[in-house]
Amino acid sequence: MTTLSIEKLCVEVADQQILDDVSLEVSSGQVHAVMGPNGSGKSTLSNAIMGKPGYRVTSGSITLDGENLLPLPTWQRAKAGLFLAMQYPTEVPGVSLRETLELALRARGKTDVDVTSRLLEEAAQIGLQAELLDRSVNVDLSGGEKKRNETAQLAVLEAEIAVLDELDSGLDIDALRACAERIETMTDSGLGVLCITHYHRLLDYLPADQVHVLVDGHIVESGGPELAQELETNGYARFLKSDVESEGVTVSIDGLGASKKASDSNSDDPFADPLS
Ligand SMILES: Nc1ncnc2c1ncn2[C@@H]1O[C@H](COP(=O)(O)OP(=O)(O)O)[C@@H](O)[C@H]1O
Ligand SMILES: [Mg+2]
């Protein structure tokens, strides 16, 4: 049993606070979904968990089975059992996928894995063409092929906890189903998943135990799978600040005040004279 524990995490990027007081815990076999509007800090959370340079933890903690991950570089976090499927997987020319996985497995003390045959098995399950496995890591793969490639890597590496940053983006419907169902079977053998997504569809195949809503770097609500369904239906409106303030433009020049309603003429032209 492995537990990734994030407590009261605050993260700064480029001198700006992005995450504020984020807490959540993912254990073996569990799926936690994080959903939130664009720019709310979802990728920042995944980058902070993996220790990407530039993502500065200003307070709070990230631990794996009680071990403080914060001082560890990314490769040691991976060695400890974490895996990140990136929102935009990086192409690494000249670096063989097989050798990378062999070295990663060896670093984790797993020396008896036949990487070539495991990769072929996994690729077949999720519809990734076998010849693409001969390329350097992610090089010249389509967006969807990269996401399948990440899923195959996750399966071969037998990580303890996986962070999936929008695994669904770029995947067609059949590939989404195949990848999500494959990951769901991995949870049966103990994988814990932190699944960042915009869409309930992914969770149809990879059901979440808990759903967390991240808005402006803050978890504003946590709940069961029904929360993802509600977001799909209603969007984030009830979690966002009231738009009463932004309904009109208030202008005050030299003591003159004027307020225009968004419904007035010219209102959809951001360059229109608000006093005209
Ligand atoms: N490396 C970076 N440099 C500057 N700003 C960043 C960086 N990474 C993230 N941000 C900013 O942090 C905010 C949250 O971004 P991100 O975590 O990517 O959001 P999400 O994944 O929820 O769409 C955005 O305003 C984004 O511009
Ligand atoms: Mg993102």
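Helices (H or I, at least four residues) and strands (E, at least two) are DSSP runs, numbered from the N terminus. The views below come from a predicted model, in which local features need pLDDT of at least 70, side-chain atom pairs count only at pLDDT 80 or more, and totals for chains, interfaces and linings use all residues. Residues are numbered from 1 along each chain as its sequence is written, while chains are lettered from A and ligands numbered from 1 in the order in which they are written.

**View 1. The shell around ligand 1.** Helix H1 (residues 42–50) gives the most to this shell, with three residues. Residues around the ligand (C-beta atom, placed from the backbone, within 6 Å) include Val-13, Ile-18, Asn-38, Lys-42 and Thr-44.

**View 2. Helices H5 and H6 side by side.** Here H5 (residues 143–157) packs with H6 (residues 173–188) at an angle of about 15 degrees, their axes 10 Å apart. Axes are lines fitted to C-alpha atoms, for helices over the stretch in contact, and angles run from 0 to 180 degrees between N-to-C directions. The two helices are therefore roughly parallel to each other (angles under 35 degrees).

**View 3. The open sheet.** Six strands line up in the order S6-S9-S10-S3-S11-S12, with mixed pairing (strands pair if DSSP finds at least two bridges between them). Strands S6 (82–85) and S12 (218–223) stand at the edges, each with a single partner strand, so one side of each is left without a neighbour in the sheet. From one strand to the next, the twist averages 20 degrees.

**View 4. Strands S3 and S11.** Look for S3 (residues 31–35) pairing with S11 (residues 210–215) in the parallel sense over four bridges. Ala-33 has Val-211 in S11 as its bridge partner.

Methods: Angles under 35 degrees count as roughly parallel, over 145 as roughly antiparallel, 65 to 115 as roughly perpendicular and the rest as oblique.
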